Amino acid sequence: MTNTQINIVSKLIALAETSELNRKHAAAICRGSKILHASVNTSRTKYKKFYTVCGHSEMNCIHAFANRRRRCV
């Protein structure tokens with residue numbers, strides 16, 4: 001692995017440790033050496049009448065990145 005990849009992986013490991021779940025995962029969308037968006041797995045939550053399912057870090061990352069990009073356009 002290159003130094004850039006090692007740097008990204010070490011940041012993801014540190015980010016994964018912030019997850020509240022037992023199985024800690026993190027994912028990132030990168031361009032070159034820059035992390036564009038990173039996310040961890042989330043637990044199931046309830047807000048008023050709405051339930052959100054347990055989120056995989058990969059899907060959370062893609063969803064949040066796409067929503068952020070839509071707001072910029």
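This is a predicted model: local features need pLDDT of at least 70, side-chain atom pairs count only at pLDDT 80 or more; totals for chains, interfaces and linings use all residues.
Residues are numbered from 1 along each chain as its sequence is written, and side-chain values use heavy atoms, without hydrogens or water. Local features need pLDDT of at least 70 and side-chain atom pairs pLDDT 80 or more, while totals for chains, interfaces and linings use all residues.

Start with the layout. The protein chain has two helices and four strands, where helices (H or I, at least four residues) and strands (E, at least two) are DSSP runs numbered from the N terminus. Read from that end, the order is α-β-β-β-β-α. Of the 73 residues, 18% are buried, which means under 20% relative accessible area, with exposed being over 50% and partly exposed in between (1.4 Å probe, protein chains only).

Now zoom in on strand β1, residues 26-31. A27 sits in this strand and counts as buried because its relative accessibility is 11%. What does A27 touch, leaving aside its neighbours within four places in sequence? Its contacts (heavy atoms within 4.5 Å) are L12, H37, A38, S39, S57, E58 and C61. A27 and H56 are 29 residues apart in sequence, yet their C-alpha atoms lie 9.0 Å apart in space.
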